[in-house]
Each structure stands twice: as structure tokens, then as C-alpha cells.
Amino acid sequence: MSALDQLLGLINDVNCFNNAPANLRELQLASAQERLDQRRAQVAVLDKRAREAGVDQLKSFDDIVPLLFSHTNYKSYPENFVTNGRWDMMNLWLQTLSTKKITGVNTQGIKDVDQWMDRLREAGHYVFASSGTSGKASFLNQTEVDRDRTFAGFLNQICWQIPSLKPNRDRPCFCSVPRYSPHRFTEINVLVSEAIGAPGEIMFLTDIPTRAADTNRMGAMRTRIADGTATPDETAQFEAESKRKAEAMAESMSAYYDRILASRDRPIFVISMWQYLYALAERGRAQGIPDGSFHPDTAIMLGGGLKGAQLPPGFQDSVLKFFGIPAANVAQTYGMVEMQTPFPYSRETGGMVVPPWVIPLILDKNGEKLLNPKSGDGMVQGGIVEGRMALLDLSIEGRWGGVITGDKVMVDFNKHPTINGPFIQSITRYKDLEEGEDKLSCAGTIDSYVRGSINV
């Protein structure tokens with residue numbers, strides 16, 4: 001069995017997060033070499049980057065750094081491909097970042113990016129979109145194997161954190177995402193809800209479909225309004241549409257919250273974010289519901305950060321006090337669309353555990369120098385490092401799994417009695433810090449390769 005097969009075999013093990021192999025570093029480096037050899041033959045821009053960087057053999061984790069893509073590369077398509085309906089060119093762009101050949105996709109009659117993604121899925125390319133709130137969505141390719149691994153890893157990290165929770169389809173489930181959306185986390189949350197929730201008792205934040213085209217358009221309008229290029233009529237139409245959508249969402253959320261509160265005497269499962277649960281707690285208290293009224297076997301999974309929401313100090317304690325459930329019934333995650341399995345929270349370490357098949361690569365702010373400890377075996381001892389989060393997700397089949405993120409993290413590489421691997425102690429976004437965000441040189445390099453591949 002190859003090193004890569006050994007690590008990928010852990011994905012279906014619910015205890016993999018605290019049971020990594022003792023020789024994890026060696027397995028990961030050998031697996032990275034296997035992945036590089038495979039992907040160079042499939043992803044031309046990666047092969048070109050490896051040749052220019054002079055990287056053929058990965059002798060250390062430092063050798064991986066120049067081969068990492070930026071998270072922004074997955075939104076590097078020219079905007080006019082979308083606005084002009086050049087879906088054939090969008091296919092060419094997507095091909096530059098994908099491992100499978102994109103063939104047999106009927107582009108006739110496609111009206112928007114949502115229909116484009118539908119056609120791709122019909123051809124076996126399970127493309128998903130990021131939120132696109134900045135005005136331009138990322139599009140990432142995945143295979144059927146990726147979808148299966150994502151589901152297995154996602155479900156296992158929940159059950160690892162909450163041992164009492166089983167995928168028995170036996171309890172009401174409340175999921176704080178739209179039921180229909182092209183976003184990756186919507187798809188996986190639907191699958192997890194169906195594995196844990198009782199049939200007929202699964203409720204989503206809204207049944208109003210969320211479309212990538214609408215999200216992109218509204219994000220772009222916000223940008224135009226902010227920079228003063230939107231006309232008064234466009235601004236008025238945008239504000240009217242935003243108000244209508246907000247009112248419809250408020251109505252859906254009201255029904256969603258009330259149904260959760262009405263089910264508090266039963267063991268329920270809630271997948272949510274802090275801002276939604278805080279609003280739920282405030283609503284319940286306003287209705288005279290005392291703290292601690294929920295069934296003690298209620299379970300909660302939290303993720304997604306605050307997404308810009310402004311909550312008062314102590315909001316977390318306020319939410320948990322309202323539910324009144326044991327800490328062992330609360331799961332937390334750290335994740336992003338560019339990787340498959342969210343990192344689960346460990347109460348023993350107070351941090352987010354990195355799965356064995358993900359290689360954490362902590363870089364300087366510019367994304368050029370590896371800061372990982374070099375002493376010892378480099379993965380289970382060596383101290384605490386702070387810097388830019390990058391990673392090589394060895395489980396990804398549909399694209400190259402190396403990516404540099406926009407997150408600033410503190411990672412503990414010391415061996416812990418309950419975790420044989422690194423864990424993340426703190427997470428912030430560079431754009432939210434005073435020091436701000438800088439453009440990554442790797443992003444421009446890969447983008448130039450992509451432009452050259454599609455002749456634009």
C-alpha cells in the first residue's frame with residue numbers, strides 16, 4: 001500500500017483525528033510526491049510552474065511552497081466570459097485548473113453561470129461556487145470521489161466531536177443554509193442533514209433557491225455603488241430588490257426560528273453559525289423561554305465564522321447558556337471551499353485539529369517562505385508558529401490540492417497527549433487586521449499561466 005493510500009484510507013475512520021500514524025511526516029511527504037507526479041500530467045499550469053521552479057523531487061515541505069496556487073486563482077476567469085455568455089471559454093478556463101478532461105458539455109442555450117454549472121454536472125464535473133459576495137465567485141471542480149470523501153470526512157468530524165450523535169436519521173434537524181444553492185457547503189450540509197435528521201423533519205433556513213448569478217450580480221452592484229459608477233436608477237432598483245429579498249428571508253428565518261423553539265423538548269440537531277443562534281436566543285428570551293429549556297441531548301455544529309456580523313461581547317456564552325446543553329454536545333469547525341474536510345475542534349487542545357491527509361504549510365505574509373518547524377520530525381514537535389495558512393489537501397481528485405489562503409493562523413506543532421499532529425490555536429483574516437491583505441505573487445504567476453493557456 002502506498003503512502004497516499006494509507007492516508008486516504010483514514011478518511012472513513014471516525015477516530016482518525018486523534019489517531020494519526022506515528023510516521024505522519026514521512027507519509028505526508030511521500031504522498032505529496034505521489035500527488036505531484038499525478039497532477040503534473042493532468043494540470044498543465046502546475047507542470048509549467050514545477051518546471052520553472054525547478055521542482056521535480058520533494059525533498060522537504062519547503063519544496064511544495066512554490067507549487068501552491070492562491071485561493072484567488074479560482075476566480076481568475078475574465079469577467080466578460082460570463083457577461084458575454086462565452087461558456088465555451090469558461091470551460092477552457094476551468095480546464096486549466098481541473099484534472100479531468102472537460103468534454104461532452106453542451107453549451108447551447110446557457111443563460112447564466114447556474115445553468116453552466118448544471119451542464120457541467122450532467123457531464124460528470126461537480127463544479128461548485130463560493131459565496132461570491134465580493135462580486136465574483138470562485139468555481140472549483142470536483143469528482144464523484146471528492147463528493148464521497150467530503151461527506152465522509154464532514155460527517156466523521158461531527159461524530160468525533162459529539163460521540164453521542166449517530167447518523168441514525170432519528171431526530172429533527174435544522175440546517176442554517178438554503179436548501180438549494182450552488183455553494184459547496186450547502187450540498188454537504190444537505191447530505192449530513194439527511195444522514196442524521198429524521199425523514200420529513202429536516203428544515204432549512206429557507207427554501208428560496210440561492211443562485212450564483214444573482215449573488216454575483218448583487219456583489220458587483222455593491223462594488224459599483226461604493227465606487228460611484230452605478231446610475232441613480234440602477235441604485236434604486238438594487239435597493240428595492242435588496243429590500244424585497246431581505247423581507248422574504250426575514251419571513252423564512254422567522255418560521256425557521258419558531259420551529260426550532262417549538263422542538264426544544266426533543267433531542268434535535270442544529271447546523272448553524274453563531275449569528276443565527278444568537279438571534280434565535282434573543283428571540284426565545286423575548287418570548288419568555290427560560291435559559292436551559294432545550295433537551296439535554298440536543299446537538300449543535302457551528303462553523304463559518306461571523307461573516308462580518310457584529311455581535312456583542314460574550315455572545316458565545318449567551319448562546320450556550322440559552323441552550324443549556326453540555327459542551328460535549330457542541331461541535332465547531334474551521335474550513336474553506338478550497339479543502340474537503342473541515343478541521344474539527346478539540347476540547348483537549350483548545351484548537352482545530354488538522355486531518356492526517358492535509359499538510360499544513362504556514363507561510364510568511366507574502367506567501368513565499370515556509371515557517372513550519374524544521375527541528376525534530378517537523379510535524380509532531382517543534383513549537384508554535386504564526387503566519388499565513390496554506391495547505392496541500394491530499395484527498396482532492398478534481399484539481400491540485402495545494403492552496404494559499406487569506407487566513408492568519410497560529411499552529412501548534414508540538415505533540416499533544418490526545419492528538420498526534422498539529423492543531424490550529426487561532427484564526428483571523430488578514431483583510432480584517434490593521435496590517436491588511438497583500439496580493440500574493442503566486443496568484444499572478446498562476447493567473448498568467450492560465451491566460452496563456454486560453455490565449456487571453
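In which kind of crossing does α11 pass α12? Left-handed is the answer for α11 and α12, where left-handed is the term if the near helix is turned anticlockwise from the far one by less than a right angle, and right-handed if clockwise. What you're looking at is a predicted model, so local features need pLDDT of at least 70 and side-chain atom pairs count only at pLDDT 80 or more, while totals for chains, interfaces and linings use all residues. Residues are numbered from 1 along each chain as its sequence is written, and side-chain values use heavy atoms, with hydrogens and water left out. Helices (H or I, at least four residues) and strands (E, at least two) are DSSP runs, numbered from the N terminus.

**Helix pairs**

Two packed helices are described by the angle between their axes and the distance between the axes. Axes here are lines fitted to C-alpha atoms, for helices over the stretch in contact, and the angles run from 0 to 180 degrees between N-to-C directions.

- Let's start with α11 (residues 274-286) and α12 (residues 315-323): their axes come within 9 Å and cross at roughly 55°.
- That angle is why α11 and α12 are called oblique to each other; under 35 degrees counts as roughly parallel, over 145 as roughly antiparallel, 65 to 115 as roughly perpendicular, and the rest as oblique.
- On the α11 side, the contact (heavy atoms within 4.5 Å) is made by Trp 274, Leu 277, Tyr 278, Leu 280, Ala 281, Gly 284 and Arg 285.
- On the α12 side, the residues include Phe 315, Val 319, Leu 320 and Phe 323.
- Sorted by class, the contact of α11 with α12 has 10 nonpolar, three polar and two charged residues; Ala, Val, Leu, Ile, Met, Phe, Trp, Tyr, Cys and Pro count as nonpolar, Asp, Glu, Lys and Arg as charged, and the others, Gly among them, as polar.
- Next come α5 (residues 87-95) and α6 (residues 113-122), with axes that come within 11 Å and cross at roughly 60°.
- That crossing makes α5 oblique to α6, and the handedness of this pair is right-handed.
- Trp 87, Met 90, Asn 91 and Leu 94 of α5 make the contact with Val 113, Trp 116 and Leu 120 of α6.
- By class, α5 with α6 comes out at six nonpolar, one polar and no charged residues.
- Then there's α2 (residues 24-40) with α3 (residues 44-53), packed at an angle of about 115° with their axes 8 Å apart.
- Here Leu 36, Arg 39 and Arg 40 in α2 meet Leu 46, Asp 47, Ala 50 and Arg 51 in α3.
- The residues joining α2 and α3 split into three nonpolar, no polar and four charged.

Two strands pair if DSSP finds at least two bridges between them.

- β13 (residues 402-412) is mostly covered, with 10 of its 11 residues buried; buried means under 20% relative accessible area, exposed over 50%, and partly exposed in between (1.4 Å probe, protein chains only).
- β1 (residues 69-70) runs parallel to β13, joined by two bridges, and Phe 69 stands opposite Val 403.
- β12 (residues 384-393) runs antiparallel to β13, with eight bridges between them, and Gly 387 stands opposite Val 409.
- β14 (residues 423-429) is also antiparallel to β13, with six bridges.

**Two residues to look up**

- Leu 320 sits in α12 and is partly exposed, with a relative accessible area of 31%.
- Not counting residues up to four places away in sequence, Leu 320 touches Trp 274, Ile 325 and Val 330.
- Leu 320 and Ala 281 are 39 residues apart along the chain, and their C-alpha atoms are separated by 9.0 Å.
- Thr 210 is in the loop between β5 (197-206) and α9 (212-227), and at 28% relative accessibility counts as partly exposed.
- Leaving aside neighbours within four places in sequence, Thr 210 is in contact with Pro 178, Tyr 180, Ser 181, Pro 182 and Thr 215.
- Thr 210 and Arg 179 are 31 residues apart in sequence, and 8.5 Å apart in space, C-alpha to C-alpha.
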